[in-house]
Structures are given as C-alpha cells and as structure tokens.
Amino acid sequence: MLVSVLLLLVTLCAQGGNSEERDEAPRPGHVSVVIVGGTGDLAKKYLWQGFFQLYASQVSSGNSFSFYSGGLSPADKATPVFFEILKAVSCPKDVSKERCALLREQFLRLAEYRQLKTLEEYQDLSKHIQEQLQQEGLAEAGRLFYLSVPAFAYADIAEKINSSCRPTSGAWLRVVLEKPFGHDFRSAQVLSTQLGTSLKDEEMYRIDHYLGKQVVSKILPFRIENKKFLDPIWNKHHIERVEIVLKETLDVKGRIPFYDQYGVIRDVLQNHLTEVMTLLTMRLPMNLSSSEEVLQNKLQIFSSLLPVGKNQAVIGQYQEYKMQVQQELNMTKDHISITPTFAAVLAHIDEAQYEGVPILLTSGKMLDERVGYARILFKNDIFCLQNHNSVHCKPKQIVFHFGHGSLQYPAILVSKNLFKPASKDAEWKEVTEHTDVSVLGLPISDYYVQTPSEQREAYSELISHIFAGRKDSFISTENLLASWGMWTPLLSSITSSFPRIYPGGADNGDLLDVHLKGKEISYNSEVVIISNDPMGGTSANNFHVIQGKFRGADMVSAWAEELVERLAADLQEAAEEAVREGGVFHLALSGGSTPLALFHRLALHHFSFPWRDTHVWMVDERCVPMTQLESNFRNLHDNLLQHVRIPYYNIHPMPVQLNQRLCVEEDGGALQYEKEIGKLVNGSSFHFGLLGVGYDGHTASLFPGRKMDEHGESLVALTESPIKPHQRMSLTFSSINRARRVALLVMGKGKHELITQLSRVKENPEKYPVTGVKPSAGSLVWYVDYDALLG
C-alpha cells in the first residue's frame with residue numbers, strides 16, 4: 001500500500017504543471033480542508049467522498065489532515081447532519097474491510113463542523129488551526145477552501161479568507177470555486193475582478209467536474225498517443241462534423257429558482273461542452289504536463305471561433321416546465337417562462353485546419369436517454385457496390401463516451417475502419433469481450449474499445465489534482481472570459497425567443513432533430529402545431545400541427561421562424577395550384593416590416609417557386625418616390641424581387657408618382673392601377689393577398705375612423721395615415737375581399753395586446769379595419785406567431 005501511495009505521489013508531482021506549480025506540489029505537512037457549504041447537496045453527494053478518498057490515498061505519505069465543514073447554521077444543529085454525511089463515505093475497492101473501518105474512524109475523528117458566517121468566525125477558525133499546529137508540533141503544508149455555495153457569496157467569503165485565514169509563510173492557499181462563474185461576460189468580469197482583490201489567480205481553482213471525467217481528461221493524451229494516425233485525418237478534408245452531446249432524462253423540478261435564471265446554455269453548454277470542444281480542437285501542447293501551455297492553447301481556440309448568434313442555435317423547453325415554474329416560483333397560471341431546457345448550437349472555427357467543419361453542441365433535459373459523448377465523424381470515401389455490410393462501408397468515427405447510455409461505462413471507441421489506437425497508458429485497458437449493444441449506429445464489435453482499468457468519480461479526480469497543485473484541469477480567468485465572450489452574444493440574441501415546446505422522453509420523436517445548412521442551424525421539422533393551449537396538453541400527438549380558429553377563421557401559430565416557413569410553403573402551394581389551373585399566379589403583397597422574413601425565406605429557400613408565371617401587385621404604398629427607403633416597393637424590391645427571376649413586366653408597383661407629383665387625385669393614379677388590375681387579373685380577384693395588421697388595427701392602408709363602404713366599389717383608393725407620410729394608396733375592402741386566399745400575418749410581442757382585443761370584439765371596421773377583411777368567396781387564414789399570441 002505504501003509503495004502504491006508513493007508511486008501515486010511521484011505521478012502527481014510529475015504531472016504538476018509548470019515549474020511554479022510544481023513548487024507548490026504537496027510536501028509532507030499538515031493540510032486543513034474547509035468545505036464552506038459542507039452540509040449541502042453537492043458536499044453530501046460528492047465532495048466528502050472525494051476528500052475521504054484523498055485522505056485514504058495520502059494518509060501514509062507523511063501528510064496529516066484536518067477537515068472542517070463550514071456553514072451558516074449553528075454547530076449544535078448542523079453537527080449531527082454533518083456526521084451522518086461522513087458515515088456514508090466508502091473506501092476504494094482495493095482497500096480491505098479492516099483497513100477501511102480504520103480509515104473511516106480516523107476520518108471522522110479529524111472532522112468537525114464550524115459555523116462560518118462572520119469575519120470573527122473565520123478568524124476563530126484560523127486561530128484554531130494555528131493552535132493545533134503548535135500543540136502537535138506540525139509544519140503547515142497548506143489550506144484548501146472549497147466554496148460549495150452560491151456564486152454571489154464568493155467575493156465576500158474570499159475577502160474573509162484573505163483577511164483572516166491565510167496560512168503561514170511558505171504554505172499554500174487554494175480556493176475552489178463551483179460554477180456558475182457569472183451569467184454573462186460582464187458579470188463574469190465583475191466577479192473575477194472582485195475575487196482578484198482577495199486571491200491570486202494561481203490560488204483560485206474554478207472547477208468544472210466534466211474535466212474530471214476520465215474520458216474527458218484522456219482526450220489530449222489520446223490525441224498525443226495516436227498522433228501518427230490522427231495527424232493526417234484531423235482536419236477539414238477528412239472530418240465531416242464534430243458532435244458534443246449531453247442528454248438527460250430528468251427534469252429540473254426542485255431546482256427551478258436556480259435553473260430559470262440560467263437555462264441549459266449557461267448550465268451545460270457554456271462550461272462542460274465548451275471545455276470538451278477546446279480539448280478536441282486545440283493545438284496539441286509540446287509538454288502535456290505544462291498547465292500554462294495547455295491553457296494557452298485552449299485560449300487560442302476561442303480567438304478563432306466564428307461569432308455564434310441566433311442563426312447558429314435552436315432552443316426548446318419541455319412541456320411540464322411551465323407548470324413547474326408557476327408552482328416553484330409561485331407564479332400565476334398565465335406566467336410563461338421562455339428559459340430553454342434544450343439547445344443545439346452550431347460552432348465553426350476560422351482556421352485552415354477546421355474551415356467549414358460543423359461543431360454541434362447539444363444538451364437537454366427530459367430527453368430519451370441519459371448519455372454524454374463527443375463524436376468525431378469522418379468522411380467515408382469508400383463506395384461498396386454489393387457488400388454494404390463490409391466494415392469499409394460503415395461510419396468512420398471516434399467516440400469519446402463519457403458514460404451511461406447503452407454502453408453504461410466510460411470508453412473511447414474507434415471504428416475498425418479507421419485505425420487501432422495505441423495502448424500506452426497502464427490505467428486504461430482494451431475491451432475484447434463485448435455485449436450485444438450498439439453505439440451511434442455501429443455494433444460495439446465494430447469498434448476498438450478502451451476503458452479505464454478502474455473507474456473513478458470526477459470530483460475525486462479533481463480533488464486529487466487540486467491537492468497536487470495541477471491547474472490544467474481547471475478554468476483560468478482568461479479562458480473563463482473568452483468562453484463568456486463566445487456565448488454572451490448568443491444569449492443576448494435569443495433573450496426574447498420562444499423555445500419549441502416538446503413533450504419529453506420518447507414522445508419527443510423527431511421534434512428536436514436539427515438541420516445544418518452552411519453556417520446556420522434550424523429544426524428539421526418545419527412547423528410545430530399544438531393544441532388550443534399552446535403551452536399545455538399531454539400527448540405527443542398535440543405537437544404535430546398548430547391549427548385552430550381565430551375570429552371564426554382558420555389560424556396557424558408557431559415560433560416566428562417556423563411560422564414564416566409554413567406561410568412560405570402555403571404561398572408556394574397556392575402559386576403552383578394557380579399556375580396549373582390557369583398558367584398565371586397573381587400575388588398582392590403588403591408593405592411594412594412584417595413580411596421581410598417571408599421575403600427572405602422565399603428568396604433563399606424556394607428555388608422552385610413559379611416566379612416566371614407570377615405577377616406581383618402591391619396592397620398599399622406610401623406616397624413617396626420609389627427610390628426612397630420608406631417606399632413599400634423599394635422594400636419589396638431590395639428584399640425579394642432582385643433575388644428571384646421574375647419577368648420585369650410581371651411587377652406592378654402602385655403609380656404614386658405621376659406628372660412629377662405624388663398622389664394628386666386629379667392625376668388618377670388609383671384609377672390607373674384599378675384599370676391595370678381589371679385588365680390582367682381575372683375578375684379582379686387576386687389568387688393570394690398578404691396583409692399585415694397595425695397596432696391600431698389598420699390593415700393595408702385602411703385606417704380607423706373610416707366607414708367600410710367609404711370607397712364604394714372602387715378597387716384602389718387614396719387614403720390618409722395618422723402618421724407620416726400621411727398620404728397612401730391602398731387596395732380597398734372591395735378588392736381585398738374578392739381574393740381567393742387572404743393571409744393575415746401578425747408577428748411580434750408588441751401585437752399581443754391587439755390580438756387579445758381582436759379576439760374579443762365583434763366586426764367593427766370603423767374602429768378595427770382588419771375586422772372588415774372577410775373574403776366573399778375565398779378563404780382567410782391568420783398566421784400568428786407565439787410572441788403575438790402569448791405575449
């Protein structure tokens with residue numbers, strides 16, 4: 001046992017980072033361990049077990065220990081709770097029962113609970129440690145403070161430690177900080193500055209337990225050990241994509257007060273998955289034992305990442321989350337949280353080695369299985385004509401399997417059509433006998449599989465690194481701020497976005513499947529339509545179509561992007577039907593900002609749209625020259641017409657400028673447009689009319705305060721707007737209601753109050769002109785996004 005402990009110490013010291021850190025490697029002496037928050041959930045589940053394993057491994061090394069559980073509760077109340085936690089610790093498998101019983105007894109004797117609330121109580125702790133050292137004639141090696149408390153308490157506790165609990169000269173101080181380290185770049189910067197006034201950077205250990213997982217800590221050594229195989233293929237010419245995935249089956253019930261402030265991106269992607277990404281893509285260090293070089297190479301990746309914004313992410317929220325938020329935060333039933341519980345984010349590295357390689361970071365609660373992995377999928381240039389089961393035809397991939405899932409144990413898997421990995425590490429072994437399981441599309445027998453000889457818990461691993469003075473498995477200030485620099489713009493861009501609702505577990509089906517196109521990501525299924533209660537329901541069947549009724553007409557509702565996709569698809573369907581029937585499609589488009597997303601969708605995705613047979617008309621126009629930015633036609637031209645192949649003579653702007661004058665009634669512009677419609681459009685009935693709704697209920701340029709029949713049978717009229725430019729030209733109700741199909745597109749949170757009012761009022765075109773839209777022989781469909789529908 002003594003020999004193995006000495007060997008472990010030699011190994012730890014050899015890996016101890018740069019020269020400065022190796023000077024701080026553990027030397028024989030007394031170590032005081034203080035867990036602030038020592039009776040909390042994290043300490044109960046992981047920390048005391050980790051420190052007991054440290055004690056068990058170091059007890060014969062010449063070090064002595066004291067363990068303190070600090071908390072806000074008085075000692076008489078918390079001490080019994082603390083010792084119940086300690087009684088549950090277990091020994092490593094290779095320790096005999098007799099030895100284990102002795103170690104546990106000693107560990108309990110060395111531990112005590114102390115109330116740590118005020119500066120005086122921290123001073124008393126330091127005085128107690130000093131007295132113990134003097135009484136027992138011990139040399140102090142160092143003091144380790146583990147802050148298992150909310151982040152807002154870090155700065156205050158760090159100040160108390162600095163002013164009252166620093167060890168004597170020559171001994172080290174290490175303060176461990178649990179995530180979250182801020183909630184965006186600014187807050188992380190403020191927290192780092194506050195901590196920097198009390199602690200040196202080398203004294204702070206920001207812990208991310210994912211870096212203690214054996215497979216994660218093996219990524220860099222694996223890349224180095226297999227350098228001769230990986231160097232030729234670890235690049236854009238061979239890697240198809242990188243996937244970093246953490247799926248969980250549990251919800252966040254009981255954690256809502258924390259989780260609703262942070263969400264899945266802050267909770268998992270910004271730290272765990274980002275760290276894995278840097279390990280997979282960073283330049284390999286010349287010296288793996290140099291913490292400084294490892295951290296600098298990680299930092300380089302952040303400077304090469306392309307910006308991540310709204311188009312590089314999709315978000316979701318499991319269905320029961322709304323109710324859990326209402327219950328745990330004591331909110332009313334109409335309260336809706338848009339905190340995501342699922343996210344898939346697409347990253348790209350702007351370096352020649354990885355140019356164009358998609359890196360997908362994905363995590364979520366209430367998914368179909370609990371599993372974590374990083375997968376490097378390689379391009380396969382082998383084409384098998386007959387034997388499709390040949391190993392050469394199967395996916396080429398390396399999987400860093402963190403645990404759980406079908407495999408149930410941590411492992412590194414290399415598909416046999418790539419290479420056989422080197423096996424240089426005595427702490428890892430090759431698995432040769434396989435159970436009948438499949439991992440990411442391949443049976444386990446199609447992989448070379450390596451797994452740790454002995455599985456160790458992540459916190460225990462990292463606690464041993466802290467004791468050894470190793471910094472490479474922890475988050476430096478620079479890397480922390482660089483990571484937040486990457487994620488903060490994305491978090492800002494989705495701050496008001498509604499996540500896609502998913503039922504949870506196997507019922508999710510393909511709802512959360514994503515589609516990668518270039519540098520952008522989207523959900524693969526275009527539209528999610530749920531029941532009459534958009535945030536409720538219990539069956540997965542509710543998630544196929546959002547279709548209902550609004551003001552007696554059909555309504556489609558979805559997240560904004562999906563709503564636009566649906567409208568574009570419906571528009572193309574109408575165009576194709578009209579062209580099949582009569583060889584032409586007449587489309588009337590409204591102005592304003594609402595249709596812009598639709599224009600972009602049509603231009604970028606609907607390449608088969610029958611533009612050559614389409615005539616585009618204006619629903620309304622501002623009385624300004626068409627070259628000005630305020631012009632609806634200029635808007636339409638810049639965002640759609642110049643990007644599609646539509647014949648010039650099929651475009652029909654409203655003639656608002658005649659005889660070098662704007663909208664003068666004597667010039668007859670409205671009548672001229674009406675005659676043009678009558679000449680080209682059969683029965684003056686447009687095939688499809690797209691309208692919006694203003695905050696005051698106006699549609700087209702038909703504003704409140706006018707009677708519905710004011711323009712009689714005229715199809716086009718000059719109107720007056722209450723805002724500049726006041727003069728407008730517009731289709732009338734007579735024209736609008738002749739259309740075969742009318743779509744009313746309503747988007748944005750600002751329209752929620754209007755939608756609420758419209759759901760309650762009867763037909764009243766004088767007050768709410770949009771209520772006068774009632775196609776006489778055609779159909780009306782409301783397209784309302786969730787921002788407008790739910791607020």
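1. Setting aside neighbours within four places in sequence, Arg114 touches Tyr68, Ser69, Gly70, Gly71, Asp124, Leu125 and His128 (contact being heavy atoms within 4.5 Å). Arg114 sits in strand β3, residues 111-115; helices (H or I, at least four residues) and strands (E, at least two) are DSSP runs, numbered from the N terminus. Arg114 counts as buried because its relative accessibility is 19%, the scale being buried under 20% relative accessible area, exposed over 50% and partly exposed in between, with a 1.4 Å probe and protein chains only.

2. A word on the basis: this is a predicted model, where local features need pLDDT of at least 70 and side-chain atom pairs count only at pLDDT 80 or more, while totals for chains, interfaces and linings use all residues. Residues are numbered from 1 along each chain as its sequence is written, and side-chain values use heavy atoms, with hydrogens and water left out.

3. Take Ile265 as a case to click on. Beyond its neighbours within four places in sequence, Ile265 contacts Gln270, Ile315, Ala343, Trp487, Leu490, Leu491 and Ile494.

4. Three cavities of 30 Å³ or more turn up in a search of the whole structure. On a 1 Å grid over the protein atoms alone, a cavity is a set of points where a 1.4 Å probe fits but cannot get out; a pocket is an open set with protein on both sides within 12 Å along at least five of seven lines; lining residues have an atom within 4 Å of a point. The largest cavity is about 60 Å³, volume being the space filled by probe spheres set on the points, which are joined across faces, edges and corners.

5. Phe181, Asp208, Gln270, Asn271, Glu275, Ile475, Asn479, Leu480 and Ser483 line that largest cavity. Both α11 (256-281) and α15 (477-493) give at least two residues to this lining.

6. The second largest pocket has a volume of about 1,100 Å³. Of its 36 lining residues, Asn311, Ala560, Glu561, Glu562 and Glu565 lie nearest the centre. Elements giving two or more lining residues include β8 (313-318), α16 (560-582) and α17 (596-605).
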